Amino acid sequence: MRFSIDGNEKQHAYNETNGLHGQAGYDPDLAHPAAGYADTENASPTSPPEGVSERKLLTKIDLRVVPVLSILYLLAFLDRTNVANAAIYGLREELGLVGTQYSTALTIFFVPYILFEIPSNIVLKRLKPHVWLSFCMFMFGLVTLCQGFVKNWAGFMTTRFLLGVFEAGMFPGCFYLISMWYRRHEAQKRYTFFFASTSLAGAFGGLIATGIGKMDYVGGYRGWRWVFILEGLLTCVVSFAFFFIIPDFPEEAKWLTPAEAAFVKARLQDDQGKSARERKITFKDVVNCFKDYKFILGWFMYFGLIVPAYGYAYFSPTIIRSYGYTAIQTQLHSVPPWAVSFGFSMLIAYFSDLARHRWLFTLFPICIAVIGFAILLNVHDNKNLQYGALFMASSGVYAAMPIIVCWFQMNLGGHHRRAIGTAWQIGAGNIGGIISTYIFPATDAVNFFHLGYSVCLGFICFSAASCCAYFVACWSQNRSREKAGPDMSLTEYEKIEKGDLNPEYRYML
């Protein structure tokens, strides 16, 4: 299997004989050709130069890129959702939160988180990732620490808002960075391992909260304050080390030898085309992206799963406690569903990469999640079955989400469409986070959280329908482009600037 424009490398080579350098004001290193997706095993990929092993190089990249970004996002998600653990230890009572004040404080996080994701990715592209990501990491760690000292609802609201500001760039920025290191058929396992750090954060959060809960009134502070103080302090300390080890884009990596760097660049161009790393993103680039209706479908796919994902992340301790557990037992019982969802996510990702297919691997875990939420909605007298359904709900949702994000984003060509598309899908998708903060009110516990489970089921089905629509869109465009053949009226420069909208491009299904 390989990706190319039309299988003819010589025709599209960047040299003086093909006319590209003759384009007025055109620099081939500042643009990206649209790489087509050809599902064939017969074409040979770019060969590594002498002395470079592709397998060893890929391992080197894996060890340098994926673990660091996964830890970064684990801490970000931990600092974002530890409020659920803190609520079990008396946060609402000590701050005097009544009515919807707690839900509103969760909601305010998403306002800057949604608004600043596209600007953050633009800044990330202009600065080096290790600078921008480590700065944001220190700041959201500091805000989390300060959250442990708030005295009232106003202070709680302020810290949640600032947390949203500084966490806005983490998820889309890391996804964007990972996408610029791997070929499309290699990406899913890496994406899922990174995304599954949310599951690990949930598991570790429960374990850490169990221990911190025993610090209640230590130093005169309640246990919920220590949750924020200690976890925020950890993030701040780690951010200093991460300034030196967060990887930059392949074009800027100093930890690769010249031969390795050249091969990385060549294999990515063979898969995705020129990256256009140096050309700035313009407002016109943003507008052009939203002329593509698949951007809306990409948003819908992710948006539909964000509601149950954050609903589970923020309220699973409350749900589990309704089964009759103590505060400590609740924290411990919150760990296993997260741990299982991590393993299930990696299993789905492995088979998706093995099959080099995405659509069916979104629908299968979604079906698992539907079954889980359906059980929770209808079974109210069997605590063991209800607890088991939480495993299905969390595993299904958190396994499908990275497949959806990888599928959409890796079908976008070059830095510009991918930077905008990543931030758009995740930023706009997180509108679902606002909805999730209001669907599990404490007063609904007497109704077995019927409202929350019903809403989650509806949005999961909406995501499934959107995945099917996106699949049909990609399949139909591939088919129509095959029938139409090459568009001889387009210049090579125009094909390059169109990215994945180039009629010679083929989408991964």
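At what angle do the axes of helix H13 and helix H20 cross? The model is a predicted one, so to speak of local features a pLDDT of at least 70 is needed, side-chain atom pairs count only at pLDDT 80 or more, and totals for chains, interfaces and linings use all residues. Numbering runs from 1 along each chain as its sequence is written, and side-chain values use heavy atoms, with hydrogens and water left out.

Back to the helices (DSSP runs of H or I, at least four residues, numbered from the N terminus). H13 (residues 294-321) and H20 (residues 450-484) cross at roughly 155 degrees, and their axes come within 8 Å. Axes here are lines fitted to C-alpha atoms over the stretch in contact, with angles from 0 to 180 degrees between N-to-C directions. H13 and H20 are therefore roughly antiparallel (an angle over 145 degrees). The crossing is left-handed, that is, the near helix is turned anticlockwise from the far one by less than a right angle. Their contact has 19 nonpolar, 4 polar and 1 charged residues; Ala, Val, Leu, Ile, Met, Phe, Trp, Tyr, Cys and Pro count as nonpolar, Asp, Glu, Lys and Arg as charged, and the others, Gly among them, as polar.

Next come two other helix pairs. H9 (residues 197-212) crosses H15 (residues 335-355) at roughly 155 degrees, with the axes coming within 8 Å. That makes H9 roughly antiparallel to H15, and H9 passes H15 in a left-handed crossing. H5 (residues 129-147) packs against H7 (residues 170-179) at about 155 degrees, with axes 11 Å apart. H5 is thus roughly antiparallel to H7, and the crossing of H5 and H7 is left-handed.

How values were computed. Angles under 35 degrees count as roughly parallel, over 145 as roughly antiparallel, 65 to 115 as roughly perpendicular and the rest as oblique.
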